[in-house]
Structure formats: C-alpha cells, structure tokens
Amino acid sequence: MTGRKQSTRAPHKLALYRRAVQHPEAEASFLYRTYRHYNRNTPPLLLREDFAGTAAVASAWVGMDDEHQAMAVDSHGPTTRWAQREINKQLGDRANDLHIVQADVLDVTGPRVDLSCALNFSTFIYHDRAGLKQYFKSARRGLRPDGLLVIDAYGGPGAMQTGIQSRTVSPETELDPGHEPCPRLPGFLYEWEQRHFDPITHHTECRIHFDLDSGKRIDSAFIYRWRLWTLPELVELMLEAGFKTAQAWCDTYDPKAETSDGVYRPIKKMPARADWIAYIIGVK
Ligand SMILES: C[S@@+](CC[C@H](N)C(=O)[O-])C[C@H]1O[C@@H](n2cnc3c(N)ncnc32)[C@H](O)[C@@H]1O
C-alpha cells in the first residue's frame with residue numbers, strides 16, 4: 001500500500017489557517033527582496049517574526065537558505081506549542097535555527113536582527129497611538145543598523161463594511177515515502193467575516209470560520225478586535241518612532257480588468273480602490 005490513510009480527526013484550526021491565509025514562501029521571498037532593495041550590498045540573515053502565530057514565515061525563511069536563522073514571537077502558549085511541533089516536523093535538523101519565544105513582543109529585546117515583520121495585520125491589535133508607537137519603537141530598537149520593519153495593512157471602503165466573504169480551499173497533499181500524493185489536509189470552505197466596524201473609532205471585529213468537507217463547522221475559529229489604521233497614520237507613527245524612512249509598497253491594479261499584477265513595489269500614489277492590501281516598510 002502506498003497511500004497513507006487520512007486521519008479521521010478534525011484538522012487543527014491553525015493548520016486550516018496556515019493553508020487558507022498564509023503564503024509563507026512568498027512572504028519570505030518578499031522580505032528578502034525588500035531588504036535587498038534598501039541594502040544592495042548585504043544579504044539579510046536573521047529574521048524576527050513578531051505576532052508569529054504558526055511561525056510559518058520564520059520557518060520558510062530558515063528553509064530558504066542554509067545561513068538563515070529566525071526568531072518567532074507570540075504570546076499565546078497553545079499557539080507557540082503547536083508551531084514548535086510543526087517546525088520540528090518541517091525543518092528537521094534545521095529546527096534549531098528557528099527559536100520560538102512565547103512572550104509579549106514588547107518584552108523581547110534581543111538579539112538584534114536584520115529584518116522584523118508583523119504580518120497579517122498584527123499591528124492592528126493596538127488601539128491607540130501610544131501603544132502602536134511603543135511597538136514601533138521597540139521593533140526599531142531590535143534592529144541592526146539599516147534593518148527593516150515590515151508590516152502590512154488593508155483598507156479601502158470595502159474594509160469599512162460588514163459582511164462575509166468565502167472561498168473554497170483545495171485539499172493539501174504531500175508525497176509519501178513511495179512518492180505517491182497523499183492527503184495532508186482535506187478541502188474546506190474559508191469564511192472571513194467583518195462583523196462590526198465603527199467609523200468613529202475605526203474599531204473593527206473580524207472573525208474566521210471554517211466549514212470542513214466532513215460537515216463539521218468551526219465557527220469563530222479566530223476573532224480579531226482591531227483598529228483599522230490608515231496608511232498615513234502608520235507611516236507617520238513609524239517616522240515618529242524614529243525610523244529613517246517609512247514607505248508604502250503596493251501592487252498595481254487594473255480597474256478595467258479588475259485584476260492586480262500581484263507585484264509589490266514602493267509607491268507614492270495609489271488610485272482609489274474598493275479594497276487593497278499594502279506593506280509599510282520602515283528603515284532604521
Ligand atoms: C493576526 S494573528 C497573525 C499571525 C501571523 N503573523 C500571520 O501572519 O498569520 C496575531 C497573533 O499575534 C499574537 N499576539 C497578540 N498580541 C500579542 C502580543 N502582544 N505579543 C505577542 N503576540 C501577540 C496572537 O496570539 C496571534 O497568534
């Protein structure tokens with residue numbers, strides 16, 4: 001028999017999250033590319049992933065190059081323990097090159113790194129300027145000279161609406177020792193719900209739900225109570241926190257075809273769009 005039997009246990013919600021939401025290899029390549037954009041002559045080696053969750057980006061970073069090392073920080077114990085088990089499986093004897101730390105990001109002061117990232121809108125957990133500025137200052141202190149902080153943000157009128165968007169996620173397969181594809185994760189439906197948005201405070205509540213092919217539903221698997229920060233606010237706060245430059249990067253959208261080229265680059269102007277995702281990159 002070549003195919004391994006699929007587990008009858010429901011997949012872990014973090015495995016579903018990683019499959020539905022994250023593109024770790026693409027993120028790791030993007031981080032490398034942005035670093036080289038600002039520092040042409042030196043390759044980055046050490047990455048810190050803040051609010052790391054699955055630590056998937058840090059893992060992809062280590063997997064990208066034998067010399068790469070990473071630290072992944074998350075305050076939630078069950079999440080860091082799940083991430084550690086996955087990292088051991090994924091990275092094998094390279095797992096020692098990824099250090100997972102269970103802590104508040106503000107409490108981790110070293111070692112200094114070439115690149116820090118806080119992705120999937122993690123900086124939106126801060127609801128006031130003082131809190132977010134404190135995080136930016138602390139992230140900046142944790143960088144080596146010319147190091148970068150990379151965060152992302154979403155926005156546009158669509159981000160200020162309530163509603164649910166869903167999409168089908170195909171099964172994930174891996175090759176078994178006989179090189180036969182065998183199922184790792186079954187297919188499922190991913191739902192992103194914007195449940196509340198308050199135009200006065202920009203406080204928003206978003207939830208992730210999963211509907212599994214087995215008929216099981218994981219309702220409110222993740223709940224986020226965020227502040228929807230705007231790009232000028234994020235750029236201004238990074239500069240106030242001491243970054244030499246803070247620049248938005250975005251893809252190019254074709255309004256006629258309603259498609260984007262998916263290539264993120266530094267931009268000075270962005271045409272109005274119903275929904276967008278951007279990176280903001282602070283250089284120490
Ligand atoms: C939106 S998830 C992002 C996960 C991951 N970065 C990604 O790209 O998908 C936010 C994560 O931040 C963690 N978190 C929230 N507040 C934190 C804090 N103050 N310090 C460290 N981790 C925190 C949560 O446990 C959660 O895993």
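1. Burial here is a count: a residue is buried if 20 or more other C-beta atoms, placed from the backbone, lie within 10 Å of its own, exposed if 12 or fewer, and partly exposed in between. The model is predicted: local features need pLDDT of at least 70, side-chain atom pairs count only at pLDDT 80 or more, and totals for chains, interfaces and linings use all residues. Numbering starts from 1 along each chain as its sequence is written.

2. Helix α4 buries T80, A83 and I87. Down its axis, the buried residues fall within an arc of 60° (taken from the directions from the helix axis to the C-beta atoms), so they line one face. P78, R81, R85 and K89 are exposed on the other side. Helices (H or I, at least four residues) and strands (E, at least two) are DSSP runs, numbered from the N terminus.

3. The buried residues of α4 pack against α3 (56-64), β2 (69-74) and β3 (98-102). Contact means C-beta atoms, placed from the backbone, within 7 Å. G92 follows α4, with a positive phi near 55°.

4. The ligand has 16 residues around it; F51, G53, S75, H76 and N120 come nearest. The cut-off is a C-beta atom, placed from the backbone, within 6 Å.

5. Domain 1 covers 13-155 + 230-283, and domain 2 covers 158-226. These bounds come from an automatic or database domain assignment. The C-alpha centres of the two domains lie 21 Å apart. Their contact takes 14 residues from domain 1 and 14 residues from domain 2. On the domain 1 side, α1 (13-21) and β5 (143-155) each supply at least two residues. α1 gives the most, with six residues.

How values were computed. Contact = placed C-beta atoms within 7 Å.
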